[in-house]
Number of protein chains: 4
Amino acid sequence: MSTGTGTSVGVDVEDPACRSLGIALEEVAAGRARLRMRITDEMVNLHGVAHGGYLFLLADAAFAYACNSHGRVTLAHSAQVTFLRPAAAGDELVAEATERVRYGRNGVYDVTVRRPTGEIIAEFRGQSVTVSGRPPGDLTASGRPPSDDRTRT
Amino acid sequence: MSTGTGTSVGVDVEDPACRSLGIALEEVAAGRARLRMRITDEMVNLHGVAHGGYLFLLADAAFAYACNSHGRVTLAHSAQVTFLRPAAAGDELVAEATERVRYGRNGVYDVTVRRPTGEIIAEFRGQSVTVSGRPPGDLTASGRPPSDDRTRT
Amino acid sequence: MSTGTGTSVGVDVEDPACRSLGIALEEVAAGRARLRMRITDEMVNLHGVAHGGYLFLLADAAFAYACNSHGRVTLAHSAQVTFLRPAAAGDELVAEATERVRYGRNGVYDVTVRRPTGEIIAEFRGQSVTVSGRPPGDLTASGRPPSDDRTRT
Amino acid sequence: MSTGTGTSVGVDVEDPACRSLGIALEEVAAGRARLRMRITDEMVNLHGVAHGGYLFLLADAAFAYACNSHGRVTLAHSAQVTFLRPAAAGDELVAEATERVRYGRNGVYDVTVRRPTGEIIAEFRGQSVTVSGRPPGDLTASGRPPSDDRTRT
C-alpha cells in the first residue's frame with residue numbers, strides 16, 4: 001500500500017476510534033491522507049444506507065491525518081460536509097484528503113469520499129488550527145503518521 | 001423520559017447505527033429532538049478525547065429526528081460543525097436539535113452538543129431537503145419518531 | 001432607535017463599507033447587533049433580485065458588530081450562509097446577530113436576515129477568533145460600538 | 001482576455017451588481033469562471049482592509065457564473081467561506097471558481113480568491129441546485145455566459 005510520495009502504514013493506525021471501525025490508513029504524506037472504511041451493518045439505518053455521521057467520521061479522520069502530517073499538533077476547528085449519494089452496507093469507501101492552503105496557524109483541507117468505482121458520496125472541507133508542541137512521541141519524525149487523537153486535544 | 005411537549009420514545013430507536021452506539025432518544029417533537037450518547041473507550045483517540053466524527057454523528061442523528069418530525073421524508077443536504085471543547089471517555093453528551101426555519105422544501109436546523117453540566121462541546125447546523133413521500137410505516141402518525149434512516153435515502 | 005438593553009448608535013457607523021451602502025446600525029449590545037439595509041438597484045441582478053453577495057455582506061457586518069461588542073479585537077475566521085428566499089430591489093432587510101457561544105478565543109454567532117414582515121431571506125453562521133488588544137480608540141468603553149473594520153485586520 | 005478553453009466576455013457582464021462594482025469577467029467555461037475586482041476605498045473599513053462581505057461577494061459571483069455555465073438555471077443553495085489573509089484598498093483580487101462535482105440537481109463548487117501575486121485571501125465553497133428552465137435568452141447557447149442574476153431567482 002505504499003506509494004512513491006507517501007508513507008505506508010498498513011494497519012498500524014493506533015487510533016482506538018479508527019481501529020474499532022476497521023478503518024485502514026492507506027497512505028499519509030505531507031498535507032494528504034487516504035483512508036478506507038467498509039460500511040458494516042451497524043453503520044446503516046433501517047433502509048440499509050450508511051448513516052451520514054459515519055461518512056463524516058471517515059472524512060474527518062482523513063482530515064486529521066492530513067493536517068497533522070507536518071509534525072505539528074493541529075486541531076480541527078470546524079468542518080462542512082455535503083452529502084451527494086447514499087452508501088450501502090458492504091460498500092468500501094475511500095476518503096482522500098488534500099491540503100488546500102495553510103497560512104499562519106490556519107489550514108483548509110478538502111476530503112472527497114468515494115466508492116472504489118469513483119462515484120462521489122460526500123464532499124468535506126475542514127478548517128484546522130495548529131497549536132504549540134509536537135505530536136506525542138513525535139510520530140511523524142519516526143516515519144509513522146501522527147494519530148488522529150491529537151486532533152481534538 | 002417523556003416531556004410535556006415531546007413524544008417519549010425511550011430506547012426504541014430502531015436505527016441500527018444509533019442502537020449499536022447506545023444512543024438514547026430522549027425526546028422528539030415537531031421540529032426538535034434530544035439525544036444522549038455516552039463516549040465509550042472505542043470512540044476516543046489515544047489521548048482519551050472523543051473523536052470529532054462521533055460528536056458530529058450524535059448531532060447529525062438529532063438533526064435527522066428533528067427534520068423528519070413533520071411526517072415527510074426529509075434528507076440531510078449538508079451540515080457544518082464547529083468544535084469548541086474536547087469530550088472524554090465516560091462523558092455523557094446530549095445533543096439538542098431545534099428547527100430554525102423551513103421554507104418550501106428547505107430547512108435549517110441547529111444542534112448543540114453539551115455535557116450534562118451545560119458546557120458546549122460542539123455547535124452544528126444542518127440543511128435539509130424534503131422529498132416526496134412519507135416516512136416508511138408513517139412512524140410519525142403512530143406516535144413514534146421517524147427513524148434516522150430516512151435521512152440518507 | 002435606542003433600545004433598553006442596547007446602545008443606540010444611529011447613523012454614526014464609521015465604517016466606509018457600511019456607510020457607502022447606507023447600512024444603518026440600529027442596535028448593538030453585548031453579543032448582538034441589528035443592522036438594516038435597503039436593496040438598491042445596484043445590488044440586484046438582471047432579474048431584480050438581490051445578489052447573494054449583498055445578503056451575505058449585510059449579515060457579515062452584523063456578525064462583526066456583535067462579536068466585537070465585548071471590547072476585544074475579534075476577527076471573522078469563517079462563515080456559512082443558507083439562502084432561503086430571494087429579496088428584491090426596494091426591500092428593506094434587517095440582519096439580527098446573536099451570540100451562540102464563546103469559549104476561549106472562539107465564538108459562534110448566528111445572523112438571520114429578514115424582511116420587515118418577518119420572512120426569512122437567509123440564515124448565516126459565523127465563527128470568530130479573538131486576538132490580543134482592544135479595538136482602536138477603545139470604542140466600546142466610550143459607549144460606541146466597535147467598528148466592523150477590526151474584523152478583518 | 002479570451003483563453004483557449006473559455007469564452008471571452010470582456011466587460012459585457014450585464015449584471016448590475018457586478019457592473020457597479022467594476023467586476024471584470026475574465027473567463028467562463030464549462031464548470032468554471034474567473035472574475036477580477038479591485039478593492040476600492042468604499043469597500044474597506046476604517047483600517048483600510050477589505051470588508052469580508054466584498055470578498056464573499058466576489059467569490060459568490062464567480063460561483064454563480066461557473067454553476068450556470070451548463071445552460072441550466074442554477075441557484076446558490078448555500079456557501080461557506082474561510083478568511084485567510086486581509087486585502088487592502090487598491091488590491092486587485094482574482095476569484096477562480098471550479099466545479100468539484102455535480103450529481104443530479106446538486107453541485108459543489110470551490111472558489112479561491114487570490115492576489116495577483118498568488119497569495120490566497122479566502123477559500124469559498126458553494127452548493128448549487130439546478131432548477132427547471134434555461135437561463136433567460138439562453139445566453140449560454142449564444143456564446144455568452146449566463147448572468148449571475150439567475151442565481152438567486
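**View 1. A:Val81 faces B:Ala79 across the chain boundary.** In this predicted model, A:Val81 stands opposite B:Ala79, a residue of S3(B). Strand S3 (residues 74-83) of chain A pairs there with strand S3 (residues 74-83) of chain B. The pairing is antiparallel and runs over five bridges.

**View 2. An open sheet of twelve strands spans chains A and B.** The strand order is S1(A)-S2(A)-S4(A)-S5(A)-S6(A)-S3(A)-S3(B)-S6(B)-S5(B)-S4(B)-S2(B)-S1(B), with antiparallel pairing. Strand S1 (24-29) of chain A and strand S1 (24-29) of chain B stand at the edges. Each has a single partner strand, so one side of each lacks a neighbour in the sheet. From one strand to the next, the twist averages 15°.

**View 3. Helix H2 of each chain lies across the sheet.** Helix H2 (residues 52-67) of chain A lies across S1, S2, S3, S4, S5 and S6 of chain A, together with S3 of chain B. It runs at about 150° to S2(A).

**View 4. Chain B meets chain C.** Each chain brings 16 residues to the contact. About 1,600 Å² is buried, 57% of it from carbon and sulfur atoms. On the chain B side, B:Leu84, B:Tyr103 and B:Arg125 lose the most area, together 33% of what that side buries.

**View 5. A salt bridge links B:Arg100 and C:Asp110.** Their closest N and O atoms are 3.5 Å apart. Six salt bridges cross the interface of chain B and chain C. Eleven residue pairs are in polar contact. S6(B) gives the largest share of the chain B side, five residues. By class, that side has six nonpolar, five polar and five charged residues.

Conventions: Residues numbered from 1 in each chain as written. Chains lettered and ligands numbered in written order. Predicted model: local features only at pLDDT ≥ 70, side-chain atom pairs only at ≥ 80, totals over all residues. Heavy atoms only, no water. Pairing = 2+ DSSP bridges. Helix = DSSP H or I, 4+ residues; strand = E, 2+ residues; numbered from the N terminus. Axes fitted to C-alpha atoms, helices over the stretch in contact; angles between N-to-C directions. Contact = heavy atoms within 4.5 Å. Buried area = accessible area lost by both parts, 1.4 Å probe. Salt bridge = Lys/Arg side-chain N within 4 Å of Asp/Glu carboxyl O. Polar contact = N/O pair within 3.5 Å; in protein donor to acceptor, adjacent residues only side chain to side chain. Nonpolar A, V, L, I, M, F, W, Y, C, P; charged D, E, K, R; others polar.
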